[in-house]
Amino acid sequence: MNSPGNDILDLPCYIAGRAVRTGDWLPVVNPYTGDTAGRVASVSRAHVEEAVAAALQAGPAPSRYARYEILMNARTLLQERAESFAQLITAESGLCMRESRYEVGRSCDVLQFAAMEALKDDGQVFSCDISPQGKTRKIFTLREPHQLVVAITPFNHPLNQVIHKLAPAIACGAPVILKPSEKTPMTAIRCVELLYEAGLPGSMLSVLVGELEEVATPLVVDPRVEVLCFTGSVEVGKYIASKAGYKRLILELGGNSPLIVLDDADLDLAVKLATEGCYRNSGQRCTAVKRLLIHAPILEEFTERFVDASRAYNCGDPMDEDTRVGTVIDASAAERLENTVQQAIADGAKLLMGGKRSGALFAPTVLGEVPRTTDMVVSESFGPLAPIMAIRDLDDAIALANSTAYGLSSGIVTENMNTALKAVRSIRTGTVNINEVPGYRIEMSPFGGVKDSGLGVKEGVIEAMKGMTAVKTFSMPW
C-alpha cells in the first residue's frame, strides 16, 4: 500500500474484481491540510449496469469453510497492515490516529465474528406430529443468500462501516455492490482489494464511486437489488425509502443519544463516560452522546468536573500522536457546528468551554443551561458538542430523552437497579446502556434504532446476515 502521507493515491473502482480506471477522477481532500489526499476513478451508469449483471451471474457462493477462510485471511492481512490503514483513514477523514487505530481493531473483530458465523448451521427442525392435524413428517428450514445486496456507507467510519456490511454478506454468501461515501472512498477501495487478496472471488464484490445520479440512484431504484443497506442521514434515508421500491431496507439513520446522570451516580465514572461519549471520533458517531441530562442536585459539581476533564481533549493535527480530537469531515461541517452553537447561545445557553473553529477543526465545546427547544438538542449535531441540561427526576429525564424524533441509543448512570430497569423499559431507543456510553456494543450484538433512527431492523454481524438471507422451508416424510 502506498503511503498516504507522501504520495497522492490514484485508486480504481472495481467491478467483479476487475479494476476500472475511467480517466474521470474524484479528488479526496485531507480535511486538516486541505491538500488532495488521493483520487478515485469516477464511474458511470453503464458501469453500474455491468456490476449488477456480474453479481447476478456470480454463481454458487464458496462453501462455508471457504468463506470462513476468506474472512480470517482478511483479518490477518488487516492486522498486518493496521498502521497503514489507520494512516489512510486519518488522511481522508481527519480523525485522529487514536480513533483510526481503534477503528481498525474493531474491523478485525467484525471479520473474525463473521467468520465464526459462516461456520454455524442456520437451520431449524419442526416435528409435524405434535398436533392432531399433523403427520409423521419433519419440516426443515435453511437460509439462502439474497441474489444482490447493495451497501451504501458513510464518511464517519470509513473502514468499520464498510466491513460491517461486507463481512456479513461474505459470511452468508451474498454478492454485494459497495458504494462508499465520496468523502472517504479510499479506505473502502483498499478494503475491497484486501478482500480480493484474501481469496474472495471477484464476482462476489464490486465497489463503485461516482456522481449521485450515475451510481447511487440507479442502485437504489434497481428492482434486481433485493437488499439495500444504508447508513447515513435521516433525510437521505427517507429519500431512499421513498424510491427503493420492493426490496428489503436496512437503514441506520443517526441519533440524538442522551446520557442521564442521576444523583446516586459514581461521578468519576459519569464524567469519564460523558467526555468519551461526546468527543470520541470528533463527535461524529450516530451513537455519540448528544445530550447530557444531569440530575439537578449534582448539576453544579458534575459541570465543574466535566469542564475540567474536557480540557484534556486537545484538538489539532490528526496525525500528531498527542491529539485526541481531530477534524470534523470538512470546513462546511465545522461552520454548521459553529452556527448551531451560536444559535444555542442566542436561545439562552451559556458557553462554558470551546466554541472555536479553525478550518475543519472544531474544539470540544461545553454549554450549560441549554434550552430544551434549541436546535442543538432537538436535531442531531454531528460534532464534539456537549450540551448540559438539568433534569428534575427520572421521569423528567425519560420524557426529555424521548422528546426528539430519534431513537437509536441512550445511557444512564445510576447505582439503583430498579431505576436502571425503569429506564430500559421506558426510553424508546434501540439500545439502553447502564453505567456505560449509549453506543457501547460488540460487533456481534444487535444494533439499530426506531423512529427516525431506523425501521427497527438491526445490524451487527448476526442480524445483518439475517437481513441478507431468506428463509426457505421444506418438509420430508419422516
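# A tour from strand to strand

Select V176 and L205: V176 stands opposite L205 in strand β10. Strand β10 covers residues 205-207. Helices and strands here are DSSP runs, numbered from the N terminus (helices: H or I, at least four residues; strands: E, at least two).

This is a predicted model, in which local features need pLDDT of at least 70 and side-chain atom pairs count only at pLDDT 80 or more, while totals for chains, interfaces and linings use all residues. Residues are numbered from 1 along each chain as its sequence is written, and side-chain values use heavy atoms, with hydrogens and water left out.

**Stop 1: β9 and its partners**

Color strand β9, residues 176-179. Three bridges join β9 to β10, and the two run parallel. Two strands pair if DSSP finds at least two bridges between them. Now follow the chain from β9 through helix α6 to β10: this β-α-β crossover is right-handed. Right-handed has a viewing rule: with the strands pointing away from you, the path from the first strand over the helix to the second runs clockwise.

Which way do the side chains of β9 point? V176 and L178 point one way, I177 and K179 the other. All of them are buried. Buried means under 20% relative accessible area; exposed is over 50%, and partly exposed lies in between (1.4 Å probe, protein chains only).

Look for I152 opposite K179 in β9. The link from β8 to β9 passes through helix α5 (residues 160-172), and this β-α-β crossover is right-handed.

**Stop 2**

Zoom in on S206, which lies in strand β10. Is S206 buried or exposed? Its relative accessibility is 3%, so S206 counts as buried. What touches S206, leaving aside neighbours within four places in sequence? The contacts are Y14, I15, A16, A51, V176, I177, L178 and Y196. Contact means heavy atoms within 4.5 Å.

**Stop 3: β11, beside β8**

Go back to β8. It pairs with strand β11 in the parallel sense over four bridges. Here I152 stands opposite F230 in β11. Select β11, residues 227-231: five of its five residues are buried. On one side are V227, C229 and T231; on the other are L228 and F230.

Strand β12 (residues 248-252) comes next, running parallel to β11 with five bridges. T231 faces E252 in β12. Show helix α8 (residues 234-243) too: β11, α8 and β12 make a right-handed β-α-β unit.

**Stop 4: two helix pairs**

Two packed helices are described by the angle between their axes and the distance between the axes. Axes are lines fitted to C-alpha atoms, for helices over the stretch in contact; angles run from 0 to 180 degrees between N-to-C directions.

Select helix α3 (residues 82-93) and helix α6 (residues 185-197). They pack at about 155 degrees, with axes 8 Å apart. Therefore α3 is roughly antiparallel to α6. The cut-offs are under 35 degrees for roughly parallel, over 145 for roughly antiparallel and 65 to 115 for roughly perpendicular; the rest are oblique. From α3, show F85, L88, I89 and E92; from α6, show P185, M186, T187, R190, C191 and L194. These contact residues divide into seven nonpolar, one polar and two charged. Nonpolar covers Ala, Val, Leu, Ile, Met, Phe, Trp, Tyr, Cys and Pro; charged covers Asp, Glu, Lys and Arg; the others, Gly among them, are polar.

Now take helix α4 (residues 97-118) with α5. Their angle is about 10 degrees and their axes are 9 Å apart. That makes α4 roughly parallel to α5. On the α4 side, pick E103, R106, S107, V110, L111, A114 and A118; on the α5 side, pick N160, I163, H164, A167, P168 and A171.

**Stop 5: a seven-stranded sheet**

Which strands form the open sheet? Seven do, in the order β15-β18-β19-β14-β13-β21-β22, with mixed pairing. At the edges are β15 (350-353) and β22 (431-434), each pairing on one side only. Neighbouring strands are turned by 25 degrees against each other on average, direction ignored.

Inspect β13 (residues 257-261) and β14 (residues 289-295): five bridges join them, and they run parallel. V261 stands opposite I294 in β14. Helix α10 (residues 299-310) packs on the sheet, touching β13, β14, β15, β18 (365-368) and β19 (385-391). Its direction makes about 170 degrees with that of β19.

Finish on helix α11, residues 331-346. It lies across β15, β18 and β19, running at about 20 degrees to β18.
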